[in-house]
Amino acid sequence: SLSGASNSPTKAKIVLVSDKDRHVVTFGSDPENSTDQDPLLIRFGSQESLTSWGATATNTAGDLRLGSGSEIVAAIETKQQILVFTDVSLHAMQFLGPPFTFGINMVSDNITIVGPLGAINVEDTVFWMGQEEFYSYAGSVQRLPCTVRDYVFTDFNFFQKDKVTAGSNTAFGEVWWFYPSASSQENDRYVVFNYQQKVWYYGT
């Protein structure tokens, strides 16, 4: 609805601004000249513009489509790239500049993420909760050894997994996840990873 808007996406699961290069980026969007939402499509407007979305030879708007998974679940920005999670894979999206603007590479094709808010970037390491494991990424994907894994995932309401929310307490070197237990429709428990001491704890 902004004045001068051209070919703007009308649907998107996630929207963020790439801080380094100043593009508005949409994930799980509708293609240019279509209203059908594509759950694997990434679109980006022209640099420093809210309204210019039609790809031309004189701007930096465009799109990318992931070739793995059935939908984009989450996206989170680090200092160097945007990490894009599908239901089965992780991709790294980097600014290249003209003429391609962005490039994307698969990082792992054997991971999950529990929901759109299940990942957090802490000191340029991304931590996230999968559907059976915990992971980190600081250049490569690592499964986090978890002493409370069975406690968390054997009493978990997976019908409400999209409500899982990650947070951090950097003063104590902690990453938190708030999640719903099997008998709850809302987040009623938490699990914490202390990445400095490599220990886990949990509570209600």
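Accessible areas here come from the Shrake-Rupley method with a 1.4 Å probe, and for residues only the protein chains shown count as cover. By that method the protein chain exposes about 10,200 Å², of which carbon and sulfur atoms supply 49%. This is a predicted model, in which local features need pLDDT of at least 70 and side-chain atom pairs count only at pLDDT 80 or more, while totals for chains, interfaces and linings use all residues. Residues are numbered from 1 along each chain as its sequence is written, and side-chain values use heavy atoms, with hydrogens and water left out.

**Whole chain.** Show the C-alpha trace, which spans about 55 × 30 × 30 Å along its principal axes. Switch to cartoon: the protein chain has one helix and 16 strands (DSSP runs numbered from the N terminus; helices are H or I of at least four residues, strands E of at least two). The radius of gyration is 18 Å, close to the 17 Å that the globule rule gives for 204 residues, so the chain is as compact as a globular protein of that length (taken over C-alpha atoms; the rule is 2.2 Å times the number of residues to the power 0.38). Buried residues make up 49% of the 204 (buried is under 20% relative accessible area, exposed over 50%, partly exposed in between; 1.4 Å probe, protein chains only).

Next, select 174-179 and 189-194: strands 14 and 15 pair in the antiparallel sense over six bridges. Tyr179 has Arg189 in strand 15 as its bridge partner.

**The rings.** The structure holds 17 aromatic pairs (rings of Phe, Tyr and Trp, its six-membered ring, with centres within 6.5 Å; planes under 30 degrees apart are stacked, over 60 edge-to-face, the rest tilted). Select Phe134 and Trp200, a tilted pair at 4.7 Å centre to centre and 50 degrees between the planes. Phe134 lies in strand 11 (residues 134-137) and Trp200 in strand 16, 66 residues apart. Both Phe134 and Trp200 are buried. Now select Trp176 and Phe178, whose ring centres are 5.8 Å apart with planes at 25 degrees, so this pair is stacked. Trp176 is partly exposed at 21% relative accessibility, as is Phe178 at 35%. Finish with the aromatic cluster whose members include Phe127, Phe134, Trp177, Tyr179 and Trp200.

Terms used
Pairing = 2+ DSSP bridges.
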